[in-house]
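Here's a quick briefing to read alongside the model. Take a look at the picture first, then work through the points below.

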Amino acid sequence: MNKGFSLVELVISVAILSVLMAGLFLTLNTQQFAYDLTQEKLTLQSEIRTAMAMLSRDLRGAISTDIRDNPDPIPDPSTSYIRANLWHWDTGSNQRVFYDP
């Protein structure tokens with residue numbers, strides 16, 4: 001009685017395991033790529049959301065009108081003016097500092 005495996009049986013089992021390992025590697029590689037892509041999209045969306053919030057806040061503060069000169073709810077272009085919000089980042093207090101002309 002021969003105990004053990006023949007060379008043909010070993011070659012076939014190694015070939016089957018190789019195919020299974022290649023499939024597993026391909027699946028894991030695809031999942032890692034999808035995860036990285038999703039993380040990049042989330043980071044980009046977060047940065048865009050922050051930029052839009054800052055831009056929106058700055059634009060809302062840039063246009064002002066004097067109600068005493070024009071009591072109408074719709075501002076008249078002749079009595080409205082645009083004020084630019086100028087600011088810099090103060091590293092000591094870690095916040096924006098506005099210049100008020």
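What percentage of the 101 residues in the chain is buried? Buried residues (under 20% relative accessible area, with a 1.4 Å probe and protein chains only) make up 5% of them. Keep in mind that this is a predicted model, where local features need pLDDT of at least 70, side-chain atom pairs count only at pLDDT 80 or more, and totals for chains, interfaces and linings use all residues. Residues are numbered from 1 along each chain as its sequence is written, and side-chain values use heavy atoms, leaving out hydrogens and water.

**Layout**
- You'll find one helix and four strands in the chain; these are DSSP runs numbered from the N terminus (helices H or I, at least four residues; strands E, at least two).
- Along the sequence, the pattern reads α-β-β-β-β.
- Take the contacts (heavy atoms within 4.5 Å) between residues at least 6 apart in sequence: 19% of them join residues at least 24 apart.

**Confidence**
- The chain's mean pLDDT (the predictor's confidence in each residue, from 0 to 100) is 78, and 60% of its residues reach 70 or more.
- Among the chain's elements, helix 1 has the highest mean pLDDT (92) and strand 2 (residues 80–82) the lowest (48).

**Surface**
- Ile12 sits in helix 1 (residues 7–62).
- With a relative accessible area of 47%, Ile12 is partly exposed, meaning between the buried cut-off and the exposed one of over 50%.
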